[in-house]
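This report is meant to be read beside the sequence and the model.

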Amino acid sequence: MTETREPLLKVQDLVVTFGMGHHEVAAVAGVSFEIFEGETLGLVGESGCGKSTTGKALMRIIEPSSGTIELDGTDVVAQKGKALRNIRTRMQMIFQDPISSLNPRRRIKDIVAEPLDCWKSVTGNDRDVLVSDLLAKVGIDPKVYGNRYARQFSGGQCQRISIARSLAMRPKLLICDEMVSALDVSVQAQILNLLEDLKHEYGLTLLFIAHDLAVVKNVSDRVAVMYLGRICEIGPADTLYEAPGHPYTKFLLGAALEADPDSPVHGEVLGGEPPSPMNPPSGCRFRTRCPFATEKCAEIEPQLEEVAPGHLVACHYPLTIGTK
Ligand SMILES: Nc1ncnc2c1ncn2[C@@H]1O[C@H](COP(=O)(O)OP(=O)(O)OP(=O)(O)O)[C@@H](O)[C@H]1O
Ligand code: SF4
Ligand SMILES: [Mg+2]
């Protein structure tokens, strides 16, 4: 399906480097993608591939080294001071560790009110009503629990409180970074259901970052797969799971779907460690772990190319069903 809507978020050639000289690491090494209004884009890949750095660069918690980020037509990278703080209210990030991201010595109604108090956008009784409403929306009774301290809540409840706080300024984009990874499986499902409900109610657009493809599958419209700082495949979730085009995606799915005998993807489980982003391989970054690598793969870096409508793969020899 060719996309005709305007994207809410447009990221072009995003690069984020850490360190200098011989110690320079390109954690994000030229990433481009778009997210359309109301869409959930999943971002997956092994630990250290640059997922969190990408999310933090979008929020400018970490400064991008180069590239462009456009949110709803506004150039995020060019913003400074109040304009930057203003644009940050339109996107919010939820982190992996819900307990440490909340101040344990604050009452939860004050935690949820933090953005409102900071911006003085809503005050007095209106503020209290809004906070109560937000807590109720995430399944926490404000009358019973509003005055309790964050330290009195479990991980799942803290993540609910984080979600309530993130919604206070009515953001358009929510960046969820491993938001359920630290939770028990049953609690994960509750939080994901809550997120889905709130997404519709608040008209949210989501970037859902996780290393677990199985979790991402259930929530994403499209999925981007990252390897060593680059996107190697992006496409509609169903297509990508049923017919992965990049050998790395197939390996990731193989690992995630081993227990499913009906899966169209079997067998191979990814071996070896990814190379250091300080010294990525020439040509295709995946070639040191790819069973299909040829000389061409060492010489020429493959670029993302469309293999089916909306499905892009960066591989000289993209997979099709039944091959490789
Ligand atoms: N502040 C930093 N200084 C130096 N290097 C960093 C910094 N933050 C991240 N890195 C490096 O950048 C790379 C990408 O890290 P990042 O945290 O974005 O990965 P990730 O995909 O989110 O991994 P995980 O699944 O473990 O959360 C890694 O090699 C990491 O060591
Ligand atoms: S370009 Fe070559 S090394 Fe890279 S994934 Fe494709 S076949 Fe493997
Ligand atoms: Mg991370």
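Two strands pair if DSSP finds at least two bridges between them, and helices (H or I, at least four residues) and strands (E, at least two) are DSSP runs, numbered from the N terminus. This is a predicted model, in which local features need pLDDT of at least 70, side-chain atom pairs count only at pLDDT 80 or more, and totals for chains, interfaces and linings use all residues. Residues are numbered from 1 along each chain as its sequence is written, chains are lettered from A and ligands numbered from 1 in the order in which they are written, and side-chain values use heavy atoms, with hydrogens and water left out.

Strand β3 (residues 40-44) runs parallel to β8 and is joined to it by four bridges, with L41 having L207 as its bridge partner in β8. Strand β7 (residues 173-177) also pairs with β8 in the parallel sense, over five bridges, and here L173 stands opposite T205.

Because five of the five residues of β8 (residues 205-209) are buried, the strand is largely enclosed by the rest of the structure; buried means under 20% relative accessible area, exposed over 50%, and partly exposed in between (1.4 Å probe, protein chains only). T205, L207 and I209 point one way from β8, whereas L206 and F208 point the other way.

## The shell around ligand 1

A backbone N or O atom of G48 lies 2.8 Å from an oxygen atom of ligand 1, and a backbone N or O atom of C49 lies 3.2 Å from an oxygen atom of the ligand. For S52, an N or O atom in the side chain is 2.8 Å from a ligand 1 oxygen atom.

T249 is found in helix α10 (residues 247-256) and is buried, with a relative accessible area of 0%. Leaving aside neighbours within four places in sequence, T249 is in contact (heavy atoms within 4.5 Å) with V225, E233, L240 and P244.

P64 is found in the loop between α1 and β4 (66-71) and is likewise buried, with a relative accessible area of 13%. Not counting residues up to four places away in sequence, P64 touches L14, V15, V16, A57, I69 and V77.

Key
A polar contact is a pair of N or O atoms within 3.5 Å; within protein, one must be able to donate a hydrogen and the other to accept it, and residues adjacent in sequence count only if both atoms are side-chain atoms.
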